[in-house]
Amino acid sequence: MNAVTPDAVQDFLREYVAKSLRGQGREGPADLSDDCDLLLSGYVDSLGLLELMTAIQDHFGREIDFDDLDAEQMTIVGPLKRFVAEKLAKA
């Protein structure tokens with residue numbers, strides 16, 4: 001199985017956010033920088049964050065224990081993408 005890279009996770013996050021925003025009649029971001037806070041940017045709310053965690057697991061086909069990620073880092077693209085890629089590499 002191919003390793004999941006942080007860039008692959010970022011691509012998924014960008015697509016997920018764009019699709020979610022389109023569903024709300026809003027324009028999605030052209031890119032998500034590493035320092036983009038998904039919650040503070042209004043791309044997800046607290047319920048949307050839980051849905052995103054589930055979507056990540058569904059997309060990559062593995063369970064991920066997000067309890068190991070600092071809650072303050074969970075909504076920031078850079079730390080989130082690196083965490084997910086690291087967890088998937090260990091699985």
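This is a predicted model: local features need pLDDT of at least 70, side-chain atom pairs count only at pLDDT 80 or more; totals for chains, interfaces and linings use all residues.
The crossing of α2 past α3 is right-handed.

Next, show the side chains between these two helices. From α2, pick Leu52, Met53, Ile56 and Phe60; they meet Leu80, Val84 and Leu88 of α3. By class, this contact has seven nonpolar residues, with no polar and no charged ones.

Now turn to the aromatic rings. The structure holds three aromatic pairs. Start with Phe12 and Tyr16: the ring centres are 5.9 Å apart and the planes stand at 35°, so this pair is tilted. A tilted pair falls between the stacked limit of under 30 degrees and the edge-to-face limit of over 60. Both residues belong to helix α1 (residues 6-23), where Phe12 and Tyr16 are four residues apart, about one turn of the helix. Colour by accessibility and Phe12 comes up as buried, with a relative accessible area of 10%.

Then select Phe66 and Phe83. Their ring centres are 5.9 Å apart and the planes are at 40°, so this pair is also tilted. Phe66 sits in the loop between α2 (46-60) and α3 (77-90), while Phe83 is in helix α3, so the pair ties together parts that are 17 residues apart in sequence. Are Phe66 and Phe83 buried or exposed? Both are buried.

Key: Residues are numbered from 1 along each chain as its sequence is written. Side-chain values use heavy atoms; hydrogens and water are left out. Rings of Phe, Tyr and Trp (its six-membered ring) pair if their centres lie within 6.5 Å; planes under 30 degrees apart count as stacked, over 60 as edge-to-face and the rest as tilted. Buried means under 20% relative accessible area, exposed over 50%, partly exposed in between (1.4 Å probe, protein chains only). A crossing is left-handed if the near helix is turned anticlockwise from the far one by less than a right angle, and right-handed if clockwise. Contact means heavy atoms within 4.5 Å. Ala, Val, Leu, Ile, Met, Phe, Trp, Tyr, Cys and Pro count as nonpolar, Asp, Glu, Lys and Arg as charged, and the others, Gly among them, as polar.
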